[in-house]
Every structure is written in C-alpha cells, then in structure tokens.
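Thanks for coming. I have one model to go through today, and I will keep to its contacts.

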Amino acid sequence: MIPSDLVNTLNDIRAAYMEATGKLPEIASFRSLMGTSSTLPAAVREILAVMEHRHLKRPCDGRVTVAVIGSSGHGKTTILDEMFPGLSERGWLVTDVTDTTSQSLRIEYAPDGSPALEEVEVRSWDVEQIKELLHLPAVEEQNRNDNIRVSYLEDAVIVDGTEARFSDADLGQFRFPRRLRLQPFSEPFSVPAERSSERAFIRALTVKEQSSALSAGPVLKQGGETYDALQLRAVVKDVRLRDRFENIRRWSGRPDEEVARLTFVDTPGLAVQGSAKDEVLRHCLEKKSSQIALQLWKDDELDFIVHLVLCGRQSDFAELWKAIECECGPAELADLQDRMIVAVNGMNIYFTNRDLKKKYEDPETARREGDHFATTLLDNVLQKMSPRGRVRPARVCFLDSASIVETLTTGQYADAYQKYRPIMERWLEPGGVGHTTLKELDLLESFRDNVDPLCDPEDRGQGHLVRQLQQVVEEQGPALLLKKHLCKTGLLRGLEGLQEILSSYYDDEGRMTREATQQALGACLAFLDRNDLDGVERFARDHLDSRIEEIVPRRDPPDGWVQESFFALCDLIKENVLFHGEAAPDVQGSFARYFDGQARTWAQDWGYADAQLAPPDKGFANSADLVTHCLRLHARDVLYLLLVEERVAGVEQGDDDREQVDEVLRILEHARRRAAAACAEYGVGV
Amino acid sequence: MRATKQPAKAGVYQFIVLPNTGIQICRGFPVTPDAQRSIDELFKAANRAAQEFESHEVVRLVREHVACNRELEASGWVACDTNEFVFWRMTRAGAEVHLDLVVDTRNGAGAQLGNKIPVQVGNGLFRRRTRLADIFVERHESARNEIGTLIMDFGNSGSSFVFSRNGAGPLQAHVVQPTNPFDPRYNERSETERNILKSNMIVLRVGPRTEEAPWIVLGKRSEELIRDHPLSTYLYAPKKYVRHWPDHLRAPEPTMKFRGILGQRDGLHPMLHFVRHTLDEMMQHVLASLANPHGTSDEPEFYPQVARLMCTYPLTWRESDRRLFQEMMEDVASRLLVHEDHVREQFKVELICSEPVAVAAFVLWETFFHFGTKNLALAASTLGNTKGTNELRMLVVDIGGGSTDIACVDIGWNVQQFDDSVDVTFKLLESMRFNRAGDRLSHLLAAALREHLALKYGLTESLDFRIESRNPAFTRGYKRLAVSRIAELAEHAKAALSSSDGTWTLEPADELDLLHCFEPLLDDTGNAGTPGNLEDRVRRGPRFSLDRATFQEWVEHDRQSLETNGEPGFMDIFFYLEELRQSLREKNRDPHLVVLSGRSTRLPFIRTMAARRLGLPPHRVRTLADILPDSLKLQGHENMDKLAVVCGAQRFRFGDHIRFSALADAPIFNRYIGTVRETPTGLKLNRVLIRPGDSCPRTIDVEVPPARDIRIGHAFREDGTAQVVANLSNHSHTKAHKVSLDVLDDYSIQMPSHEDVVCSEWVPGGNDIVVDNFHDTGRIDGEPDGFLRRIVLKNREAWHRDA
C-alpha cells in the first residue's frame, strides 16, 4: 500500500540530514563561525532540534495507523470484536459492559505462531499529559467546586479528595484512597505472559467494575511504584497488542507484508459521561476519552480515521474537531476529509426501525422529511461532524454486526440480509427512495459495491470497509507519510534552513565568501553606523523617499510592474549607497555583485516576483500607493539587512575545510532534491 | 403614571420609544397644529407651565444637563407628571414651534409597555388643556429588529463599540457613536469624541430606592461635571475597579458613598457597584444611539437584538477578574436586552480575545485585506518577515491609560486553495502587564505642574482629598477643582507634545485659570506670601514650558529603585522590552514587527525608545497609523490607536475570508520564578523554584516566617531584574507556615485559602487599583512621596524658565 521506494527515500533524507548535521562540528571554519557569530548558534540549535521530533528518532517503517473513533454506545467494540476474533478470545475486547475505561488499544500485526502474539505492553501518559488533563478548565472548575485539591509536582500530580464534598451515598461506594498520586510509568509495562490473558487483570485495566466487585489493591508495579485500578484509569494511555489479522488478511486479499503495515487503534468513545465509580478522579476521567484522541492527533498518530456512527444516531466528532482546531489550528485539519472513512454501523436498523422504514416505504414522508439517507447520513453525520459545515469523507461504508443482527432477528445473518437485499437494490434504482441523496453525495456506485459484502455473512460490510481503507491508504498514504515525516517534523524546513545558513557563509563549492562580502559592505556602508539604527531611517528619508514616489507607474503599467518597481528601488539604493560610500571601484564591484544577488532573493522572498496586484488604472485604484508603501518600507529593510549583515572576524579556511563544506553542501542538495521530487510526485505542496 | 383614557386628538403626533433604551430624546419634534391657538399662545402657555416647575429639582437637573440646544428660544422645562421622568419644552424658530422631548425608558412611565403619555399644556384661565403630542412606549418586537453582535472594548479612559448585524461583512459593521443624553454641549463634540465614549462616570441623580436606576453621566461631559461637583460620586477609569475580591480578601475591597448631584442613597457601596452602573449606562447609551442615533428620530430606527455580546479584556486581568467581568456583562444583558426566544437561547457573553491580540488581528486583517490573498508574501514582508515564510511574530505594546499590555504573538497562516480564504492562527509566545501606562505620564506632568505652582507661588498645600487643609477655606471642592484642572492641563500637554510642535507651554490664561482653583490660598496681592497683582505675577514668569526631550528625560528617570520599594516606573517597560528581546533572540524568535497602540504611543519618543531597547530600526516599530498608506485607511483611522481593539475583535470573529483562531499557549514556563529580594540594583530572584521550559502548572512549597511577607517574582534571567507577581503575607506573629502555591503560568499564582497566610497576586507597577489615578484621590506624587518631584526637578531649568 505504501511504496517501499518512498519509505527508502524518507529514510535516506533523514540519514542525509543526520550525516550533514553530524559533520558540521568537524569543520574547523564552521566551528569558528559558531564561536564568533551572535546569531548562528541559535539558528543551528533550531536546526539540530529537528531531530528531536518523535517521528525522526527512528527510521520510518512505512506503517500507518488507522484509528477507529466513535461515540460511546455506537457499537465500536462489537465491530472490532468481530474484526479481531483473536483478541476477542483473549478477552481484551469487552462487550458485556458499557462502563469501560478510557485508553486506546493499539492492535498490530504478528504472524501466526509468533511469540510476539503474546506480548502486551501498557504505556502511560507522560507527566505533562497527565497535568494537561487535570488542568483542563472544566475539570479544574468541577474539582474546585467539589473541593478536590490538585497539586502539580515535577514528576507527578497529586489529587487530594480528603476534604472533598461528596454525598454520603457516593462516599459509601468509595473503595480507593481519596488521595492519589498520578505518576507516569518510567517505561512501558510489559505484561508478563501469564497475566496477558488473566481475566481479572484485563478487567482491572479495561472495565470500571461495580464497587462491590472491585479490588482496590495494586494491579501492577512498575519502576518501584504500585498502581491500583483507579490510578491506572488516569495514567494509562494505551495498551499495545498483537494479532494475526486473520480476518483483515482474508478480506483484503493482500500479501501479509502489506497488511502488516496497518496498525489499528481502538480509541475510547467520544462524549463519555462522568462516572461515580471514578471516585476522586470523576471529573478528570470524564474528559479523558476526548483528551486521548486529542493527544493522538497532537502526536500525529491518527493517520487514517474510521469514524464509526451507529445508524440513526448523531456524530459527536465535532467536539474533537473543535478541540483540535483550538490546539493545532484549522490548517491541521485541512486534509482530514481525504483521510477519513465514515462507517455507518448497524445497517439492519434501516430495516428494523419503524421511523426509518417509514421514510422509504412512504415516499410522501421521504419528500416531507428527507429520505432515510438524508436523515441518517447527511443530517446526523456529515453535517454534524465539523463546526465548519458539511464534511466530504474519502469513503462512506455501511456495515453490520453478526451478533447484533442475529440477536435482533433471532435468525441467521444471511437470512436477514436476504430479505434486506431487494430493498437496498430498490434504493439504487433511479426514482427509488434514497437514490437522490446517494447521488447527491456521490455514493451510488459505492453503495452498489457495498450491498454484496453487506449481505455476505462472512463479510458483513466489515471486509468492504477494510478494502476501502486499503484503497484510501493507497491513494493518500504516500502524501500522508511525506507530510508526516518530511513536513510536519520540520525535516524539509531544516534541510532548507541549513542550506540557507551555509550559503550565507560559503559559496557553492564550500569556499568562504564572507570576508570579501563583509569588507565590501563595511566600506560601502561606512556612512551608516550599525549601532545607530535611526541612521537607516534618516538616510531613507533624506535620500530615497522622494524618489521612490517616482518609481511606481500610475498609468499603463507593464506586466510585472510590481517586481520591476522593486528592482528599480534596488537600483536606486545601490546607486545611493555607492555614491555615499565612496569605496574603491573594485570594492564597489564586489558590493554590486553581492547586492544584485541579494536583490533577486529578496524579490522572491518578499513576494514581488509572484505579486498579482491589479494595476492602479485597472481595478485597484490604490495599488500604486500600496506598492509605494511597500517600497518605502523595503528600502529601509534593505539598508537594515545590509547594515546588520553579520560580521565574523578572522576565520581561516584550508583546502580540506573547503572540501568538507562542499561535501555537506552536496549531501544537503541531494537530499533536498529527492524531497522535492517525492513531494512533486505525490502532490504535496511545500 | 397611567396611560391616558382620553381619546387621542386626531392628528396628534407620537414620539415612539422602546423600554430600556436609555434616556430617549427627540429634539425638534413637530407640534401638532391647533387651529384654535396661535403659536404665540402656545408658547406663552408652555412658558406658564414651565414656571410651575421652576423650582422642581429634577426638572432643574434636566434643564441644566440634558442634551438639548441652549441657543434656541425655548420655554422652560415641564414634567409631564411630577412623579415620572418624562419632560418637554417648547422651542420657537421663526413662525414655528417644536418640542424637545425627554423620556427615561428605564424608570417610571417611559418603561411601561403600551403606555401612552400625553404631552399637554394648560390654557390660562380655564385650564383647557391642549394636547401637543403623545409619547408611546412600544413593544420591542414591533420595531424593526436587527439581530447582530455587539462588540465592546471597555477601556480605562475610553470605551468603544461596534454593532455587527448578522450577515454583515467586516467593513459593513459600524462603530457606534454613543449619544450622551446629559450633555448640553453635545453639538460641540468632535467626531473623535463621538466614536469613543470616555469611561469616566459621575452620578447625576440617585433615588433612595435600589430598584430605581440612577442617572449616570459618562463621556467628556462627566469630566466637566466632576470638576464642578466634587462632592458627588464619580469614578475616573472605572475599569480599574474590575477586580474579583475572594471572600477572605473582602476587607480591603474599596467602597464609596452613593451621592448624585441630586439625591443620595444610604450607606457605603462597593466600587464594583459603580462599575456595574457604568456598564449599565454604557449599554443604555449604545441601545439609545442605535435606536435613535441623532436624538431627532420620533420612532426607533431599529432595535438591535444583541444575539452575542463580545468583549475584549486586558492581559492585566486574572482569570477570576475575567470571570467577574463576564458575569457583570451577563447581568447587564439580562436586565437590559430584549430577545426573541430563539435569540435568547443562543445569547452569550463572550470574552473573545485579549486587547493586544485584538490589535494584532486588526493589523493583520487590514494588511491581508488590502494586499489580497494572492499577495500574502508581499504583505508579510512589509510587516517585517523577510524570509518569505507564512509566519509573523508581532510584538504588541498596548500602552493604555492605566495599564500597559505587552504580547508577543506568533502568527501563522494557510491559504485554502479552493476558495482563497486564509486561516490565521495566533499563539501567545510571551506576555507581560504593567500597571504603568499613559496615566503615569500624566502623573509626571501633574507633578511638574504642581511643582511649578510651588516654585512660583509657594503653593505647597497638599491636594490629597483626605488631608485637611491648613487653610480651612481651601476646601475639598477647591482641591477637586485644582486636581481636575491639573489633569486637564496634563492631557493638553501630552497632546501638544505628541503633535508636530513637540512643545507645550502653559499659557498665562490657563495658568491664571489654574490659580483660581487655589484662590483661598492666594492673598489679594496674588500670592500666598508674595505681594503683587496676580495677572502680572502670572505674566512675569517663570513660565512652564516643556519640550519632548525634557519630558523624555523625566520618563527615563522614572524607574524601579530602592526608593520606590522595587516598584517599576514607566521606564521599566522599556527595560522589560530589552530583556524580552534577549530572551526571544536566544530562542531565535525575534519579533518581526512591533506595533504600538494606545494614545500615549503618539509621543514620538515612545517609538524611538522602544526601537532602541528592542534593537530594531524605527520602521520595524510602528504605530497603527503607519501600517497602511493614507489612501487605504478606512473611516475613523485617526483614532485607530483606540479603535483598533474593538475593530480588531470584530475582525477576529467576523473576518470574512480571513479566519482567525487562537491556539492554546504552550504549557511551559518562559521565566525563572522564585522568591524575590531587594538588591541595590533592583529586585532579583532569591531562590529559584521554577525554570524556563518546566511544564506548567506547577505546585511549589514556600516557607513564610511569622509576621513576614514573602514576594514571588519572575525574571528572564536567573540574575536578571525580577518582577513581583504575588505576595504572601503571614498574619501570624508566632507560627511559620509552609504553603503550597499553584503557579499556573509565568504570572498567575493561586493559593488555597489558609488560616494565616494571605496570597495576593501582584502586578508590576503596583496592585493598588488607584495606581497613578490621582483624579480620584488628589494624591499627586505620593508613591512614594516626592519621588516624581525629584525627577522633574532634575532638569528644572529646562522647563521652569524665566519669561
């Protein structure tokens, strides 16, 4: 699904960056620059910090995560139970109770017979994430109201409910201490083999038991700390499990190594209500589910999303959407729709719910209230998922659960769907109820393809979902990985930044250029004092401003008039600097060469090269004033940048040194080109 | 008053008002023609009617204060009923007579739905009554309703409002020009004064009953009244009193008497009550002026159904203060706003963004709007980002009247290719607040004026309202007058020093006027001890003449020292900027652009000093006037240093294709935080408890010895100058206590209530809510005594010169 070449490219770029940044300290001239420059160390620090990103700490393995997100009570665990029967057998997917704890299950592939299948790892949040949960405004307010005191220590959070105002009835149910220390695990907890299938252990981690059935003793010990079930409810972030993916492999029909690149993440239900069983942690645990999804997003662990909604119920995804926008900005969600599949669970409801049946059995009701798809899909889901209006997911799939259908109909799944099939097929016919909405949503073909798998008791639409997911991963996966590993990590920006830093001190062959440039700048700008920046203003006002007025054409400007105006400004500045600087002709020549090169860069970086301002006589009456305004400010910026161009003194360079720099430059350029080519190939804008 | 049972005379005109829309005025209301009575007869009858009310005190109040033209030939004022608040007078111009009608729509008859109040005049001998007009109190839903959002910038010195009706674009929303019903000089006020409502308040009339709304005067007129009626209850800068007082700190909450120019209410009342009355009155002003913008409409032009009330807030406010303000506004809204059911369900009061963020949004929106989505790189480069990236770090220095808010905002944007819209995100990188701002500059000027009088006339009597004068004739009334006059002159001086002239001279006429405020202290020879004619003495000199350089020297000397007990002066704002620059530079986060807002930034040296301290060239430090070329500036641009906040907040929410969102702050500390100690070079950190990069919040333990105060402060560097953010005071004389403090961010500290230790949050510049607010106390130069005097005397020869 993800081309191996792409994974190799990403890893090569990462390796090149590491190699280049690793070589820099070995270069004597660069070390000298670092010692004398006032700005270089901070810039280099920022460049080196890129490798601290969690996605760059190890090579890209080409895996993608598929998060299954849905509200509490929408049947998510039931579906996963059928998709991953192996896990179900081991008891990790609890379907008999609804009051479950909030953590995600990460389900990864392991081949048949592999000892890894038995490995279970419990990971906790870090202390910052625990603090963040307790520091949420709503949680703080509720804790304050109940007089629950929270202390934020360096390595832990203390929740102290000893003075809290709880009802006697609640207090009577309390089994855990009222003062709890929430401390992250020092490292992931590997569940010993003998406990990974132990029912009591699994339930302590996954279910909020009734107080009468509860043990308040330690559940596990890690790094010298013991944790009871209540503490674990707060600190555990996820449980990592391995599964044979037997159904996934069967449904997808793809080679094992491809399927192995999928990691499924079962996230806790959205819109969870608080539970008195959470005792002194009741307020923070009420928010933990949505906080988990948010943290997954912030950690860039939600590559693809299957949003599961029970037919007839509303989506609560907007809550998460808003939280992400608030934390990360709307741009983060720009491509979310392309990576999202909406899975409508409980197809049988269309045929068993009286109100829904009425919508397609009575065309008048459908006309008056909207057909069944308009209600269940458009109104309840697509228009509710985002605060910014209707969402257009990459796919919409309909699926069902054998256990539910068979419980409801007290018959076989296949028998039930044999009756439903003709109804579904009628919806697909022109004039059939529902046809209009399916057409409007561009789902006619997709739904047609969905019918067979839905009716197949071995598939139930779940296999169809997996196949659709594979298609989406194929379509969007490469771009996603590029964005994730190259753009969001800052790797590409780091590459370009490093090139830019080096190019301001060295030429393309690694030769130091700074000294000649510095001399030329120093001589030609001798009339300005870099310690008196007011001089920039005075010079611009006295010698440039009045002539800038004349630069910008007010009538019949030629194409590219904005950029031409800028270059005319540069000429004006150059002329004035040379005139006032009174440097020797050869120095003036050096200055002019440097200045012209800079002018081209500035035109690009400052937006003149791509400016699309309507001319003053064609639509934008004030554009000439606006450009004049820009030129005035940029005249000052040009002088300022030339004046403060960094002075570094006494750096010598030998041939070896030049070769070392040249090599670093080549590594960087090669990596940048590969990155640019990959981005171009997969349509990633940089 | 009950609605009249008489049938309306055919053809009688109605002035239609809506309840709860303030004091409604209709000037020049046409009198219904009456065939049986001549104009002269009517006018005489009106005058006769007015004579009856000559000594009626409420009518007298209306006569003296209501916003009606005094130049016109007019009868006296008449109350429609002595127990109600509905008044009229008749005016005559040539052969026509008109009515000026005044209705209080919050109290009495004018507040009762469906009421029809006859305006009638008796007829001499037989008292036949002629109906001149009716006032009808209409239901809100009968008027044309416009549903929209009201955006409010409640400022220390001035407040401004924008009403944005639903569906209106950013440029269609207009700045509300609040009409002042109690301003007889209403037609002399400039456009600027109309756009920005001065926030000062004075109580004009108050009755003993709490359910009766007092008459409050706001705006420029309130300043004039404060000067003339010093014994009435008034507040300069009511915003300063917005402060949450938790139960355990209630004792020091300031209170005041409730006395109007007319009437009073028993006992003492918390200052916050007066802030509420001010906010109430502001809302009334807004509603009144939207319904009847010129005071001449005989029917409401529309009723603004405020579906959302959005307010900005200063960084100075703590979370609890913000909550308090929000609750106060909710309270105002619940009492004054009328909503249809579906609007009521949606209604909310929202604190949308801090004032500096609103300024940043304004700058960015205006720039992006004019450049267009396709030229954002060009737009960004004019704002100082020369790297061509979609980001900008903007440092906003908002020097208001009472506080200076500094915020470094990291701005990013992303263009949606399919519709060319722009998503802009704001993230606060750094912020700081000082209780030193424009009032401090006024305070320096006031101290100098005071010194001028002392040097020239030997007038050394304290103006502190609490201190009894050595000369009993120099009463509090004189002091009030003198302080108001000095404050007014200080404002004139600031304006002159901000203008191109750059100098200000106390004109002899103004000096004489000021001296009159000290009349009892001057013997008939014109001096408190020196013989000679007063006018001659004024002319003879020395004269008070100030230039910018001299003023700048004062500012530069106004800094934290042992003498000020570590409290910063105005100059410390610039020292802070210098430290901030170093801190940002170390993180490779230099600001691209510095935006100065607030009226004080019109003083050119503020910009120069900021540029120097920040190591930036002057063109990277801009006032709001410098952001765009003149031809692209929108209406009201000359006041943008004040209106940018309200307009920015409006753009922030209704930016059309430019959408703003604020990202949560990074949950880490940016400063060193610890206990603080005095050193000869200022305040330093003593014991560091939190370091930059530590995650927040954090709970720290601090030991407080008995009967001691421990100050908590922060600094950019471990050995840098510290600013105090909280004070812990142990009231026990015997027990030491170890207390746990929750440090929420770089300047917010909370402590659970404790039996002996009290934690008060501190703002650099002082926690006293009357910092530099000598208007309310008369305490010029009292923090500490003589500190400002010593500053201005350093270069006395430069401003106190012989004529």
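I will take the conventions, then a contact inside one chain, then the contact between two chains.

This is a predicted model, in which local features need pLDDT of at least 70, side-chain atom pairs count only at pLDDT 80 or more, and totals for chains, interfaces and linings use all residues. Residues are numbered from 1 along each chain as its sequence is written, chains are lettered from A and ligands numbered from 1 in the order in which they are written, and side-chain values use heavy atoms, with hydrogens and water left out.

Chain B is split into domain 1 (14-138), domain 2 (145-346), domain 3 (353-436 + 570-662), domain 4 (438-554 + 789-801) and domain 5 (672-761); the bounds come from an automatic or database domain assignment.

Take domain 2 and domain 4 of chain B, whose C-alpha centres are 33 Å apart. Seven residues of domain 2 of chain B and eight residues of domain 4 of chain B are in contact, meaning heavy atoms within 4.5 Å. The two domains of chain B bury about 730 Å² between them, 51% of it from carbon and sulfur atoms. Buried area here is the accessible area (1.4 Å probe) that two parts lose on being put together, summed over both. On the side of domain 2 of chain B, 62% of the buried area comes from B:R227, B:P230 and B:Y234, more than from any other three residues.

How many salt bridges are there between domain 2 of chain B and domain 4 of chain B? The count is two, where a salt bridge is a side-chain nitrogen of Lys or Arg within 4 Å of a carboxyl oxygen of Asp or Glu.

Now the contact between the chains. Chain B brings 49 residues and chain A brings 48 residues. About 4,000 Å² is buried between chain B and chain A, with carbon and sulfur atoms giving 55%. In chain B, the residues that lose the most area to chain A are B:L378, B:H619 and B:P697, together 14% of what that side buries.

Five salt bridges are counted between chain B and chain A. The side chains of B:R612 and A:D534 form a salt bridge at 2.6 Å, N to O. By class, the side of chain B that touches chain A has 17 nonpolar, 18 polar and 14 charged residues. Nonpolar means Ala, Val, Leu, Ile, Met, Phe, Trp, Tyr, Cys and Pro, charged means Asp, Glu, Lys and Arg, and the others, Gly among them, are polar.
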